[in-house]
Structures are given as C-alpha cells and as structure tokens.
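Welcome! Please take a moment to look over the sequence and the 3D view before reading on.

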Amino acid sequence: MIVDCDPGHDDALALLLAVGDPRLRLLGVSTVAGNQTLDKTTRNALRILALAGATGIPVAAGSDRPLIGELTVAADIHGSSGLDGPDLDGPVAEPADGPGVELMRRLLMASAEPVELIALGPLTNVALLLRDHPEVAPRIRRIVFMGGSTERGNTTPYGEFNIVTDPEAADVVLRSGLPVTMIGLNVTHQALATPAIIDRFRAMDTRLGTVCAELMTFFAGAYLRTFGLADPPVHDPIAVAAVIDPSVVHTVHVPVAVELTGTHTRGATVVDLHRRTGRPPNADVAVGLEVDAFWNLLMTAVRRLGEATR
Ligand code: BDR
Ligand code: CA
C-alpha cells in the first residue's frame, strides 16, 4: 500500500501501524499540507519512520496547498510543529527526489499487483494523481480515506477537517469511479485514547510506546481545550486497520457527495444512508467499528516495532 498523509498525531500512529503490521507492505509515503504546512508534515513523516526503523521507505513531499484557495492548518489540534508533545528533535533524513504525486505514480506503475491507496489528510495529492495520471487507475485496488462523516463535522458544524481543507479534491476522488472506502468521524470518534489506553502504550516500556503515549497525551489536551472532550479520537489509524483486517469496520455501500457550494456547509460529506436520492452508490462508508480489535492491532504493531528498535 501507499500512504498519503499530513502528520499529525493520528497520522503518526497510522504510519506506525502501516509499518508495524507484517501483513502489509508499505511501498511509499507521500505528504500533503493539512494539519501543518508541507515542510512540517514531510519532516514529521520522516521522523516517525526513522523512529520505527523504517528509513528505507521513500517519503516524497506532495501538494503544499489545496486545489483551490488558501491552506488553513490545524495548529490548534496538532501544535506548531504538527507533532507537538514528544521530543522528536534530531537529524532528519531528506525526502525522496521529485513530487509526492510522481512517487505515487511510479510506485503504482511498478507494482505487479493492484495497490491500496490510503489517504489520511486532505485529498489534494490523490485528486492530482487521478486527474494528471489516469493510467494509474487500474493499478489502484481501492482508495481508503479518513475524512468526512455521516453526522456532524469537527472544523465546521457539518465539515470534517480533511474534506473542508480541500473539498474539490474530495469531490474528484468520490466521483472517480474507483472503489472508495470512507472512514469518517462517525466511526473514528469511537476509538478514544482514554487514560487506560494511553497507559497501555506507556507500559510497553519502549521508546516508541512512550512516544505514542506522549502524542496521545498532547492530543488529549488539544481535544479538551477545543471540543471539551477528555479522551481524543484517533482517526487515521482506523483507515490502515480497515485495510489490514476489513472486519474491523462495518460498511454500507451508498451514495456520497461533497458539498462544494453550501452557504454554511462547504466541505460536508452528504451521505445518502437511506438511498433517498436515487443516485448510484459510489463509496463503502464505515458505520461501525470493532473498537477492541482496532486497539489490539495498533498496540501489537507498536509493541513489535518498539521491541525491534529498543
Ligand atoms: C482528520 O484531520 C486531521 O486533523 C487528522 O489528522 C485526521 O486526518 C480528522 O478530522
Ligand atoms: Ca491526518
């Protein structure tokens, strides 16, 4: 699989799951501006992969802004570095040469088997890939993205951050005709990093387990300040978990559209759960999560990586 991301606390956990589960082969990582500016999300991806001992995986910097309009970062949630909390200072490797979209294209065309494309930030890179390189379409097994919601939003009353940041890109992906799975806030808000969960990462007694605990502790403070939620939802690793073990999420195949022009709702995902529009279904939308199975997957991967990189 290929991961496109904007680390980001929960993106970091998702990368660790992608690297740490032996059933997956992570071919490469492209980064996008979202939670923070592109230079920061790229540096953060490189930092996390280095911590995981996965320096051989190419990381390339993708889009530094949405298809239309200005970038608004989520410093209120992820801090000024995009990954505030743990001390991750130290030398950082250089990203791969060439743009992120080019890395995706190259990896897809070189793969003997169709590849899962997992998008954990604004969908800018994925939209550009599909628009500028239509020859990759048969090489994509599925696009799994974290974004949107069947319910309310977290950035506007009805808009989730990744979709609100680049609604046009999400629209391209959802209208691509490719198999698409949407992991929205309606399920990610079931995966809450409670103090008991955070303690289990700390109790691993590895550098990686401690970094995860510190990431989630910072995230908890941000969610408490911003949303009054004591236990923060860890969104992005659920998209990776859904690829490793599809039984972790329950989905329905329904029509989904992105609101591009609403006065108050630009960037909302309009999910036709009751099939009232008569439109053809275009996405598998997650509506349920096996919470314990999800945490077990993530903890097993982090424990495994932590012990290997002690
Ligand atoms: C999404 O927005 C980002 O802040 C997180 O990394 C996640 O991808 C949740 O709305
Ligand atoms: Ca993200």
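What follows is a short tour of the ligand site, the strands beside it in the text, and a few backbone details.

This is a predicted model, in which local features need pLDDT of at least 70 and side-chain atom pairs count only at pLDDT 80 or more, while totals for chains, interfaces and linings use all residues. Residues are numbered from 1 along each chain as its sequence is written, chains are lettered from A and ligands numbered from 1 in the order in which they are written, and side-chain values use heavy atoms, with hydrogens and water left out.

## The ligand site

Let us begin with ligand 1, which is surrounded by 13 residues; the closest are Asp10, Asn35, Asn154, Glu160 and Asp236. Here a residue is near a molecule if one of its heavy atoms lies within 4 Å of it. Sorted by class, this shell holds four nonpolar, five polar and four charged residues. In that sorting, Ala, Val, Leu, Ile, Met, Phe, Trp, Tyr, Cys and Pro count as nonpolar, Asp, Glu, Lys and Arg as charged, and the others, Gly among them, as polar.

| Residue | Distance to an oxygen atom of ligand 1 |
|---|---|
| Histidine 78 | 2.9 Å |
| Glutamate 160 | 2.4 Å |
| Asparagine 162 | 3.0 Å |

How much of ligand 1 does the protein bury? Taken alone, ligand 1 exposes 280 Å², and the protein buries 97% of that. Such areas come from the Shrake-Rupley method with a 1.4 Å probe, and for residues only the protein chains shown count as cover. Two or more residues of the shell come from each of helix H1 (9-20) and helix H6 (161-165). Helices (H or I, at least four residues) and strands (E, at least two) are DSSP runs, numbered from the N terminus.

Buried means under 20% relative accessible area, exposed over 50%, and partly exposed in between (1.4 Å probe, protein chains only).

Cysteine 5 has threonine 31 of E2 as its bridge partner, and isoleucine 2 has leucine 117 of E4.

## Around helix H1

Histidine 9 lies in helix H1 and counts as buried because its relative accessibility is 1%. The side chain of histidine 9 reaches the backbone oxygen of aspartate 84 at 2.6 Å. In the loop between E1 and H1 sits glycine 8, joined to proline 7 by a cis peptide bond with omega about -15°. Most residues other than glycine have a negative phi, and most peptide bonds are trans.

## Positive phi angles

Aspartate 205, not a glycine, has a positive phi of about 60°. Its place is the loop between helix H9 (195-202) and helix H10 (207-227), and aspartate 205 is exposed, with a relative accessible area of 59%. Arginine 275 has a positive phi of about 55° and is partly exposed at 42%.

Technical notes: A polar contact is a pair of N or O atoms within 3.5 Å; within protein, one must be able to donate a hydrogen and the other to accept it, and residues adjacent in sequence count only if both atoms are side-chain atoms. Two strands pair if DSSP finds at least two bridges between them.
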